[in-house]
Amino acid sequence: MDFKTKPFITLFLFLLFSSIFSLTFSAANKPFSTDKSHRVGSSAVFRVHGNVYPLGYYTVSLNIGYPPKLYDLDIDSGSDLTWVQCDAPCKGCTKPRDQLYKPSNNLVQCVDQLCAAVHLTSDHHCSSPDEQCDYEVEYADQGSSLGVLVRDYVPLQFTNGSVIRPRIAFGCGYDQKHSGTTSPPSTTGVLGLGNGRTSILSQLHSLGLIRNVVGHCLSGRGGGFLFFGDDLIPSSGIVWTPMLPSSSEKHYSLGQAELLFNGKPTTIKGLDLIFDSGSSYTYFNSKAYQTIVDQVTNDLKGNQLKRATEDPSLPICWKGSKSFKTVSDVKNYFKPLALRFKKVKNSQMLIPPEGYLIVTKHGNVCLGILDGTEVGLGDLNIIGDISLQDKMVIYDNERQQIGWISYDCDRIPKL
C-alpha cells in the first residue's frame, strides 16, 4: 500500500494478526443461517472508483459503525490492516473532522491476542489489562500510520440477499505520514486485502461467512468492482498459478516467470512477482526493466514517435506529430509483453500495450513500467494496477493460488 499519487509502492505491511470476533445481525434482517454450506456460499461486492492516471489509485466506500457511516478506502492487496483516519485528534489527516472516525468505548485491549500479534515480538507485555492496543505500520514508500485498534460494526450485503453487520477489527489512525512529493490522497484510509489473519477478508472467513477468496476487476476506463468470496468466479477460462509460500503472511506472490516481448522469450527468467493493487505502476528489477526499455525503444525505431524528455509525468515518454488523447490512439506502435510461468503448463499473463502505457495530460504516451531497484525495491518485481486492468484477478487463499481472466470490468455485478 502507499499513500498514492504514485509512483510510490505499496508493499510489506509487516503485521500478522489473529482474532475471531463476535457476530451480530441487523434487527431489520433475519439471522444469517448457521448451516455451513449456506454461510460460505455467497459474496460481498463493492463498486470501485478511481484510475491509474491521473488519479493514481482505486477506492471503495465501506460502511462502518451503527448507524453506519461511509468511508472511502484505498484498496491494497499488498497489506492486511484496514485503517481509517481517526478523530483523536488526527495528525496528517486529509479529511475534515466530521468525516473522521470517532471511537466510542470500542478499543481493542492490550491483552487481546490480536494486539500481541500486531507487535510481532515475543516480549510483548501490557502494563494493565485494560490498556489500549496501539499499532504502527510502515510501508515500503516510507509512509506510515500510527493509531489504536478498534472493533465496530461493518454492515455488508451479500449476493444471496443476506444483510449482516459483523463486528470487525481495524485501525483508527491518528498520525499519518506521507512520503511523496505530491499531495496525499483524499481517501479516508486503506482497505487491506492481504491474506494475513487481521484482514477484513480473513475475519469474515473466520466467522464462516465467506470463503477465503478476494478478487478485483479494475477497468482501464476507470472504476470496476471488488468482491469477497467466490460467488462471482467464472466457471472456466481462468489461468491459475500457485502462490509462493511467502504469500502466507504478507502479500500475494507468484514465482519463476519468464519475460516475453511480442511473443518471443527475452533473456529475463526466474522472476518472482508480487501482485499489488496498491501500486499504480508496475516495477521490475533493474535488469528486467532495462531489457524492456531496450526492446520497446528498438522496436520504435523508424516510426514517428520521438522521446518527450520535457514531460515530467514518468521517466520515459514519447510524443507524436500531434497530441494523443487515449492509449488507443497509440497502442499500435507498441508490442505486447507477457509473463510465462515455469511451474504451470500454458500459464502466462499477457500484458498488452494498454497494460503498460498511459497518455498524460500533455498528450504524450509514457511507459508505466518503472525501475524498482532505483526506488529501493532491490530485486523485487511488482505487478501494479496498470498491468492488472481489464482482468478479473482472484486471490484464492484456500487453494493458495492466484488466477486471472480477461474481463469487462465496466460490467458491474448487481450490488
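Hi everyone, this short talk covers the disulfides and the nonpolar cores of one predicted model.

A word on ground rules before we start. Residues are numbered from 1 along each chain as its sequence is written, and side-chain values use heavy atoms, with hydrogens and water left out. Since the model is predicted, local features need pLDDT of at least 70 and side-chain atom pairs count only at pLDDT 80 or more, while totals for chains, interfaces and linings use all residues.

Let's begin with the cysteines. How many disulfides are there? Taking a disulfide as a pair of cysteine sulfur atoms within 2.5 Å, the count is six. If you number the bonded cysteines along the chain, the pattern reads 1-8, 2-3, 4-6, 5-7, 9-12, 10-11.

I'll walk you through three of them. In the pair C86 and C172, the sulfur atoms are 1.9 Å apart, and the link is right-handed, with 85 degrees about the S-S bond. C86 sits in the loop between β5 (83-85) and α2 (113-119) and C172 in strand β9 (residues 163-177), so this pair ties together parts that are 86 residues apart in sequence. Helices here are DSSP runs (H or I, at least four residues), as are strands (E, at least two), numbered from the N terminus.

Next come C115 and C133, with 2.3 Å between their sulfur atoms. The S-S torsion is about 100 degrees, so the C115 and C133 disulfide is right-handed. C115 belongs to helix α2 and C133 to the loop between α2 and β6 (134-138), so the parts being tied are 18 residues apart in sequence.

Now for the cores. A nonpolar core is a set of buried Ala, Val, Leu, Ile, Met, Phe, Trp, Tyr and Cys residues joined through side-chain atoms within 4.5 Å. The largest has 88 residues, and F228, F275, F284, F334 and L339 have the most contacts inside it. Helix α4 (residues 286-300) gives the largest share, six residues.

Definitions and conventions:
Buried < 20%, exposed > 50% of the residue type's maximum accessible area, 1.4 Å probe, protein only.
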